[in-house]
Amino acid sequence: MTTEVPAVPQQPVQIWRPNAPADATPGVVVHRKLATGLLHSAGMPLTVHLTGLGCDRLETTVTPVGDGVAMIEVTAPVPAAVRAEWRIPCVGATAYWTPDTNASRWLPPSWIAPRTVSLALGASVASLIGADDRALCTAAAGETSAPVRVGAGVVEESGEFAFTVEQDLTPDGPPLRLRIDLSGRHFAATLQAVTAWWAEGLGHPGIAPAARMPAYSTWYSLHQNVDTEAVERQAALAAAVGCESIIVDDGWQTTDRARGYGHCGDWVPNPEAFPDPSAHVAEVHRLGVAYLLWYAVPFIGRHNDAWDRFKDTILREEPHLDAAVLDPRHPEVRAYLIERISRSVEEWGVDGVKLDFIDRFAVADPPPAPAGADRTAVHEGVLQLLADLDTRLRRTRPDVIVEHRQPYVSPGLWPYATMVRATDCPLSPAENRQRTVDCRLTAGPLAVHSDMITWNSAETPESIAVHLVNALFSVPQISVDLAVQSPDRLATLRFWLGVFRQYADVLQLGVLEPVRPDLGYPLVRARDHHTTVVARYAPLPVALPDRHAADDPQTLLVANADGDPMVLLTATRPEQALARVQDCRGEILSETVLDLVAGVNPVTVPTGGLLTLTRER
């Protein structure tokens, strides 16, 4: 006979934190245990341990907001650093998800340094994921501008997983707000609930239609070798394959072609390459293409006239870039940048701007606010800069397009952006897939763009299709010389950009369900009431979705980016469906009525090809 031993909660084990200075703890410290009303996966109550450094009292509230979800708010009567820590059993955990651009999905040790997120760097959300892609715990902080320190990891001594969130509080500042989700739902659903929480009371001016359609970028295709003729040639070719905007990147402002940012800061067109920018933009518009222009916002280069004017108002020098990062706490710095960037919209007629390198404002140890600054904290200066720039741009063009980029993905920036792009990962389709999916999960109202898709001149059409399918759940940016592409490559591009355009609503706005983050999302699906799109990046079976509206036709698209052409469809009941198979160029290989059986149904879909399954009533 087996005697069942009642569960006994483990005693908290001190987390080992190496290299902590001996005087790191101030003389006044308060500790509190806070009952959350939540139960973790082992059925035990979840307790949050609060520590206030520099105060002797903390005020707290706990509000349940749904099954397995609670909101916690902490305030301090005097300036204090407040840390919240809680732990759950690390049972069945498969991945630790954060929006960090270069983060792996491994489970870190608890002693690893916390990441500092702020307005210009990251977002304060994380999820521990278990079997069936269900979140064991998803947590987020409400602060989206000021720095927040987010830590997590395995406590080796107890086999638990610890979460920590640290925030500096002042009596008249925002509280520490935490949202802890132990509901056990799919991790994507818990992250989307976090974005809905962040969006409460946060307005957004809307997304210009062109921002959700395929785009062309000059960066990988031309780098700094841009001029009027080259841009207009690529714009015409891009329009022919289905792009609706062109992003002119670095090089328009300089005659230098040696990379680096020593020629950033004046933001005046190179007169040899762009002698009449207004007429040039008008010609691109005549081709039916919107025009965006690149700005490396923080940089002031040594080879610009503006260097002597602003060299004493910088946060730090970056000698390897031949430039420095401006200090946005100075009103004259913000006024100068706004004036220079706005000129492109007000005088030359561009449709939008690509605001690059905003994350460089996130300096770890910024100098104290200097004389003449009207903002104390750097993030306050950045927020004021982007808010004022947005107001100025929309005065001329209410539907202006503004591109931001990972890792500056904070919801505090949502009102001042239209789209956010995956950070650079040239020729890396799997990385582009992971970064765009990660970004989609917490992008809120913004359109998510892929990093620029490029390929070697010897690449096959099938491999080009694989690149495109890896960006299927985002807006693709294309960056190759379209003038030298073979007819087969152009056919592949036209076909898949047509798929992006035709199914943009479900691909970009539908319910997103990525599979197995620990394996890099080998299968991703998006769905609305009538259409499900599945992209297959590994030889995994594809389950037919449940019928939600029995009287309406249901469409299933399966994009095959794997080398195995045998796609296994799994069905729960027998039914008939019309199946169309197309190759990477869009050529129809077969159209037939499939008699699906309950169980496994093999269908041949070539690499880079598309299966369209229409299920009648």
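Modeller: Threonine 531 counts as buried, because its relative accessibility is 13% and the cut-off for burial is under 20%. The model from which this value is computed is a predicted one. Threonine 531 belongs to strand 26, which covers residues 531-536. Leaving aside residues up to four places away in sequence, threonine 531 is in contact with Tyr503, Val506, Ala526, Thr555 and Leu557. Aspartate 438 lies 93 residues from threonine 531 along the chain, and the C-alpha atoms of the two are 22 Å apart.

The wider fold gives this residue its setting. Eleven helices and 33 strands make up the secondary structure counted in the protein. The radius of gyration is 26 Å, close to the 25 Å that the globule rule gives for 617 residues, so the protein is as compact as a globular protein of that length. The C-alpha trace spans about 75 × 70 × 40 Å along its principal axes. Burial extends to 56% of the 617 residues. Among contacts with a separation of 6 or more, 72% are between residues 24 or more positions apart. The protein exposes about 25000 Å², of which carbon and sulfur atoms supply 52%.

Tryptophan 267, in the loop between strand 14 (245-248) and helix 4 (277-286), has a positive phi of about 55° although it is not a glycine. Tryptophan 267 counts as buried, at 2% relative accessibility. Phenylalanine 357, likewise not a glycine, has a positive phi of about 65°; this residue is placed in the loop between strand 19 (352-356) and helix 7. With a relative accessible area of 12%, phenylalanine 357 is buried. Glutamine 406 and proline 407 are joined by a cis peptide bond, with omega about 10°. Proline 407 sits in the loop between strand 20 (401-405) and strand 21 (419-421).

Helix 7 also takes part in a pocket. The second largest pocket has a volume of about 460 Å³. Its lining comprises 25 residues, and those closest to its centre are Thr116, Ser118, Leu121, Ala362 and Val363. Strand 7 (115-117) and helix 7 (378-396) are the elements that give two or more residues to this lining. By type, the lining residues of the second largest pocket divide into 16 nonpolar, six polar and three charged.

Key: Residues numbered from 1 in each chain as written. Predicted model: local features only at pLDDT ≥ 70, side-chain atom pairs only at ≥ 80, totals over all residues. Heavy atoms only, no water. 1 Å grid on protein atoms, 1.4 Å probe; cavity = no way out; pocket = protein on both sides within 12 Å on 5 of 7 lines; lining within 4 Å. Points joined across faces, edges and corners; volume = space filled by probe spheres on them. Helix = DSSP H or I, 4+ residues; strand = E, 2+ residues; numbered from the N terminus. Nonpolar A, V, L, I, M, F, W, Y, C, P; charged D, E, K, R; others polar. Rg over C-alpha atoms; globule rule 2.2 N^0.38 Å. Buried < 20%, exposed > 50% of the residue type's maximum accessible area, 1.4 Å probe, protein only. Contact = heavy atoms within 4.5 Å. Areas by Shrake-Rupley, 256 points an atom, 1.4 Å probe, with all protein chains shown as cover.
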